[in-house]
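Here are my notes on the model you sent over.

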Amino acid sequence: MKRPPLLPALLVPLALLLSACSGASSASTSTAGSGGGTDGKGSLTLDVGDQKGGSEAVLRAAGELDDLTYKIHWSTFTSGPPLLEAVNAKAVDIGGVGNTPPVFAAGAGSKIKVVSASHGTASGDTILVPKDSKLSDPARLKGRSVAVAQGSSAHYNLVATLRRAGLDLSDIKVKYLQPADALAAFTAGKVDAWAVWDPYTSQVLRARQGRVLSDGNGLSNGLAFQVAAPDALADRKKSAAIKDYLDRLRRAQDWVFRHPEQWAKVWAKDTGLPYEVALDAVKRTNGTRVTVAVDKGAIASEQKIADTFTELKLIPRKVDFGDFVDPRFNGGLPASTTAPRTYPKGS
């Protein structure tokens, strides 16, 4: 039986998952302790920036919010860049983003410090083409139209993929579109390819609307970060709470890898993703993450991204990414080059 087409409307809730791309600066807030055991003891409140289906959801699912000694006030953002704007404005103490927003925040001179990293596979960072496309390799993208969210991790993956194929951005027709608009253009045949990330990759593949031309393995660093406000780190009590919070995130990520089906159900309910798509994305990308140190390797990898966007004149000045890192919580964590976890094929 033919599967029904995946409608663009299904992308509406997923707009809240855009950790890698720019977006509106709106955010919703909730007081820790509004339910589920997040009302910690003590007078300290940690202001945490989050995205739908992000840190709060995974911590709650893993039972890591049940014995807090401090309170958490959650602010939910539509994407990484406005979350980092809030960190810069001291409205948020810490929050999680993908590998590209910190680069752009650094380029803008924001007051931020990267304090934690996780390393996952880049299999979900893809360039998709329609299922019946005759394109067989990235070199054949020359002269073709490609949709991508400007300044996103997919943007960098597209640039790196083209360069490996001997092409530049100027060799293709770039269509800067956010995912909901890009999906509509992709399914309507208005673009030849779409550079995107999970869970959008899993959504398109599950609906059989496209296939992978190339992925980010060997090109994208697969890193994601927790970014804190310098003033919060300078506060002894808040710094201790941040360390505890990061430890809980690490344990929760370990729980996700051990319980992919259980997490996929929670993630699907929280975001509106179909369960099958959520599970695909967990096993392809989301569940593969390992908490790693923000070390010289991670800094060098991010510096490469920063230099690329500076060269493209999308970042206005030279960035020394190491100036935006605080390694105080690295102790005992594996190197950033530690291989991500993977699920057995067919599982």
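At what angle do the axes of helix α8 and helix α9 cross? That is where point 1 starts.

1. The axes of helix α8 (residues 236–258) and helix α9 (residues 260–271) cross at roughly 110° and come within 5 Å. Axes here are lines fitted to C-alpha atoms, for helices over the stretch in contact, with angles from 0 to 180 degrees between N-to-C directions. The two helices are therefore roughly perpendicular to each other, a label covering 65 to 115 degrees. On the α8 side, Trp 255, Val 256, Phe 257 and Arg 258 meet Pro 260, Gln 262 and Trp 263 of α9. Those residues divide into five nonpolar, one polar and one charged. Contact means heavy atoms within 4.5 Å.

2. Before going further, a word on the ground rules. This is a predicted model, so local features need pLDDT of at least 70 and side-chain atom pairs count only at pLDDT 80 or more, while totals for chains, interfaces and linings use all residues. Residues are numbered from 1 along each chain as its sequence is written, and side-chain values use heavy atoms, with hydrogens and water left out.

3. How confident is the predictor? The protein chain averages a pLDDT of 88, and 88% of the residues score at least 70; pLDDT is the predictor's confidence in each residue, from 0 to 100. Over residues 1–26 the pLDDT is below 50, although this stretch has 75 contacts in the model beyond near neighbours in sequence. Residues 31–37 also stay under 50.

4. The protein chain has eleven helices and twelve strands. These are DSSP runs numbered from the N terminus: helices are H or I with at least four residues, strands E with at least two. Of the 347 residues, 53% are buried, meaning under 20% relative accessible area with a 1.4 Å probe, protein chains only.

5. Look next at helix α2 (residues 80–88), where the buried residues include Leu 83, Leu 84 and Val 87. Their cover includes β2 (45–51), β3 (71–77), β4 (94–97), α3 (101–107) and β11 (223–228). Just after α2, Lys 90 takes a positive phi of about 65°.

6. β4 has buried residues facing both ways: Ile 94 and Gly 96 point one way, Gly 95 and Val 97 the other. β4 runs parallel to β2, joined by two bridges, with Ile 94 as the partner of Val 48. With β11, β4 runs antiparallel over four bridges, and Gly 95 partners Val 227. Strands count as paired if DSSP finds at least two bridges between them.

7. There is also an open sheet of five strands, ordered β8-β7-β9-β6-β10, with mixed pairing. Its edge strands are β8 (173–176) and β10 (210–215). Strand β6 (residues 126–130) pairs with β10 in the antiparallel sense over five bridges, and Leu 128 stands opposite Val 212. Helix α4 (residues 153–164) lies across this sheet's strands, including β7 (145–148), to which it runs at about 145°.

8. Last, is Ala 278 buried or exposed? Ala 278, in helix α10 (residues 275–284), counts as buried because its relative accessibility is 0%. Beyond residues up to four places away, Ala 278 touches Ala 264, Trp 267, Ala 268 and Leu 273.

Notes. Buried < 20%, exposed > 50% of the residue type's maximum accessible area, 1.4 Å probe, protein only. Parallel < 35°, antiparallel > 145°, perpendicular 65-115°, else oblique. Nonpolar A, V, L, I, M, F, W, Y, C, P; charged D, E, K, R; others polar.
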